[in-house]
Amino acid sequence: MDRNEIPLNIYLDLSKAFDSLDHNILLEKFKHYGIQNKSLELLRSYLTNRYQYVTFDNKESNLLPIKIGVPQGSILGPLLFIIYINDMVYASELFKPIIYADDTTLLTSIRTAKAIDKYKTESENINIELSKVTTWLQLNKLSLNCEKTKAMIFHTSQRIS
């Protein structure tokens, strides 16, 4: 605000964030970060060959393999998720992401100007950059919970001219 800009925060809510991590994408990201050989195989072993079933009314379903997500309640879950979304910071040139576990906030600011065209340009830039973030989410097989994703514009009580 001191620089005559209007801060804009977008609070992303990812649908079933920990449950939707693609194992193959995560393992490729580990390789990108230099994890290989036995360490990579240990992580692959941790993620794969897991099964789940449901018990209801004293009946059990068949065992089904878990092909996505990280083990529920695990200590490693938040770390694996952060590694998975760590490269989101490169999705947009405009937004600065703040990532804490599955909570992500995109930060930017809107420059104030008297010319109406300036606002239109800023709005277009924001939409273009949001499209880039959306593309990143799609490529990483993550989806937004649109009802819980919110934007907030901060301003002073003074009217901006």
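Glu93, Glu129 and Lys132 are tied together in a network of salt bridges, a salt bridge being a side-chain nitrogen of Lys or Arg within 4 Å of a carboxyl oxygen of Asp or Glu. The model is a predicted one, so to speak of local features a pLDDT of at least 70 is needed, side-chain atom pairs count only at pLDDT 80 or more, and totals for chains, interfaces and linings use all residues. Residues are numbered from 1 along each chain as its sequence is written, and side-chain values use heavy atoms, with hydrogens and water left out.

Within it, the side chains of Glu129 and Lys132 meet at 2.9 Å, N to O. Both residues sit in helix H4, three residues apart, which is about one turn of the helix. Helices here are DSSP runs of H or I with at least four residues, strands are runs of E with at least two, and both are numbered from the N terminus. Glu129 counts as buried at 8% relative accessibility, while Lys132, at 31%, is partly exposed. For these words, buried means under 20% relative accessible area, exposed means over 50%, and partly exposed is in between (1.4 Å probe, protein chains only).

The count of salt bridges comes to six. One of them joins Lys141 to Asp22, with the closest N and O atoms 3.3 Å apart. Lys141 is exposed, at 54% relative accessibility, but Asp22 is buried, at 11%. Another salt bridge brings together the side chains of Lys31 and Glu28 (3.0 Å, N to O). These two are three residues apart in helix H1, so about one helical turn separates them. Lys31 is partly exposed with a relative accessible area of 41%, and Glu28 is partly exposed too, at 46%.

Now for the overall layout. The protein chain has four helices and eight strands, and along the sequence they follow the pattern β-α-α-β-β-β-β-α-β-β-α-β. Of the 161 residues, 32% are buried. Contact means heavy atoms within 4.5 Å. Among contacts between residues at least 6 apart in sequence, 69% join residues at least 24 apart.

Phe18 gives a local example of the chain coming back to itself. Phe18 is found in the loop between strand S1 (5-13) and helix H1 (23-32). Leaving aside residues up to four places away in sequence, Phe18 touches Gly69, Val70, Gly77, Pro78, Phe81 and Asp102. Phe18 and Val70 are 52 residues apart along the chain, yet their C-alpha atoms are separated by 6.0 Å.

The charged end of Lys29 sits over the ring of Tyr84, 5.0 Å from its centre, and the charged end of Arg50 sits over the ring of Tyr46, 4.9 Å from its centre. For a charge to sit over a ring, NZ of Lys or CZ of Arg must be within 6 Å of the ring centre and within 35 degrees of the ring normal.
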